Amino acid sequence: MPNANAATSAAPLDSLADRYRATRTLTSGLLDQLSEADATLQSMEDASPAKWHLGHTNWFFETFLLRDHKPGYELYDERWPFVFNSYYEAEGVRIARFSRGMLSRPTVEQIGEWREVIDEAMSSMLDDPRFAPLIELGIAHEQQHQELLLTDIKHALFRNPLAPAMYENAPSRVAPPQARDWHQHPGGIALIGHDGANMDGDFAYDNEGPQHQVLLTPFALAPNLVTNAEWQQFVDDGGYANPLLWLSDGWAWVNREKIAAPLYWYEDEQFTHTGWTKRDPNAPVTHISYFEADAFATWAGQRLPTEFEWEAAAQSSDPASGNQLDGAHAPLPLGGSGLFGDCWQFTRSAYGPYPRFSCANGAIGEYNGKFMSGQFVLRGASCATPRGHSRSTYRNFFYPHQRWQFTGLRLAKDI
């Protein structure tokens with residue numbers, strides 16, 4: 001079987017089947033909030049239709065578990081891998097990414113029927129320890145797409161001048177962040193990355209290892225995420241018009257795209273999964289690019305943390321804490337005291353391989369390694385991240401101009 005190359009000590013097998021079913025149920029539940037037309041929308045090439053996420057996550061299990069490892073299994077529909085493969089070159093030709101929004105068929109109902117067939121076929125494999133690493137990877141993969149589904153449909157609904165809501169009710173507003181001390185770290189040699197032999201058998205992606213040592217100088221992380229109110233001060237002070245604050249590529253991007261505020265901001269409102277709402281000044285700012293995060297840090301007289309600083313500071317924190325996704329409800333940043341939740345936090349670290357990293361053989365090896373060029377690492381978890389999906393070693397990554405995800409920042413400084 002293919003090596004998932006992902007610190008593959010599986011969680012207890014008696015819980016694997018339950019987590020598989022819970023993950024699959026949540027994905028289907030997210031589609032319950034959408035019409036067939038909603039689920040077919042593709043508002044930009046970076047995003048995908050909601051029903052494509054529904055089908056792609058199913059294709060993953062059918063391809064890498066059932067097709068490759070279940071004797072006698074026959075594909076549900078031999079045409080569908082062409083439209084539901086994402087970027088796996090080893091799996092052959094596929095529909096162009098920007099054409100996913102043209103898939104009026106299969107319907108959401110037809111994809112749902114396919115998922116039922118896959119779940120039934122998978123049932124005999126869920127308790128087999130030989131397949132646990134790949135099933136773990138499939139669950140984590142589907143959780144990633146749950147977050148992508150939520151952020152992609154948010155962008156699609158935002159493009160509608162009628163501002164339709166996916167959910168009726170938003171979470172409660174938050175109190176102003178309390179003044180607290182910065183998270184100080186003395187520096188020194190830190191052990192970074194995931195090692196399955198030393199992490200209680202927790203799942204991890206291949207890009208989180210191998211575990212290795214880094215040397216840190218003393219630093220501190222801000223106790224709170226940067227808020228909407230603080231970002232408004234940056235806007236009012238001409239932050240988007242001052243070239244001295246920006247990286248060269250960022251300044252070119254600001255002028256080319258006429259960027260003057262975070263995505264989804266308009267006057268004193270912001271667009272959410274519940275439509276346009278009054279912007280909460282106390283909530284963390286989100287939907288910013290790496291360029292914007294870096295410019296704000298410069299304006300504030302601080303900097304972004306490195307990914308190693310962030311991980312060293314978070315090693316004693318509970319990764320399941322904070323405002324994360326617990327079910328099919330509207331995700332909205334609220335603010336909190338921990339290092340996890342609300343939004344993914346930009347670091348100043350380029351996304352690249354750790355020492356001694358190597359990709360797995362075959363198509364599974366395309367999961368992370370082939371993207372280690374031109375992107376930046378984010379840490380933590382967002383309000384759209386399924387709770388339990390993230391950990392201190394988790395490395396999210398995006399290109400520096402992208403901001404349709406729940407992305408924000410936490411400042412750092414030298415001490």
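Let's start inside: 15 residues line the largest cavity, and nearest its centre are Lys154, Gln270, Thr286, His287 and Pro333. A cavity here is a set of points on a 1 Å grid, laid over the protein atoms alone, where a 1.4 Å probe fits but cannot get out, and a residue counts as lining if it has an atom within 4 Å of a point. This is a predicted model, so local features need pLDDT of at least 70 and side-chain atom pairs count only at pLDDT 80 or more, while totals for chains, interfaces and linings use all residues. Residues are numbered from 1 along each chain as its sequence is written, and side-chain values use heavy atoms, with hydrogens and water left out.

Back to that cavity. About 110 Å³ of space lies in it, where a volume is the space filled by probe spheres set on grid points, joined across faces, edges and corners. Strand S6 (residues 269–272) gives the most to its lining, three residues; strands (E, at least two residues) and helices (H or I, at least four) are DSSP runs numbered from the N terminus. By class, the lining has nine nonpolar, five polar and one charged residues. Nonpolar means Ala, Val, Leu, Ile, Met, Phe, Trp, Tyr, Cys and Pro, charged means Asp, Glu, Lys and Arg, and the others, Gly among them, are polar.

The domain assignment gives domain 1 (16–159) and domain 2 (183–414), with bounds from an automatic or database assignment. Their centres, taken over C-alpha atoms, are 26 Å apart. Across the boundary, 31 residues of domain 1 are in contact with 30 residues of domain 2, contact being heavy atoms within 4.5 Å. The area buried between the two is about 2800 Å², with 67% of that from carbon and sulfur atoms. On the domain 1 side, Glu147, Lys154 and Phe158 lose the most area to domain 2, together 25% of what that side buries. Buried area is the accessible area (1.4 Å probe) that two parts lose on being put together, summed over both.

Now for the open space. The largest pocket holds about 820 Å³, a pocket being an open set with protein on both sides within 12 Å along at least five of seven lines. It has 34 lining residues, and Tyr87, Arg97, Leu148, Phe397 and Phe398 are the closest to its centre. Helix H3 (50–69), helix H6 (132–158) and strand S10 (396–398) are the elements that give two or more residues to this lining, and H6 has the largest share with six. Each domain supplies at least three of the lining residues.

The peptide bond from Arg105 to Pro106 is cis, with omega near 0°, and Pro106 lies in the loop between helix H4 (80–84) and helix H5 (108–122). The bond from Gly209 to Pro210 is cis too. For context, most peptide bonds are trans, and most residues other than glycine have a negative phi. Asp342, not a glycine, has a positive phi of about 75°.

A last word on confidence: mean pLDDT, the predictor's confidence in each residue from 0 to 100, is 93, and 95% of residues reach 70 or more. Over residues 1–13, pLDDT is below 50.
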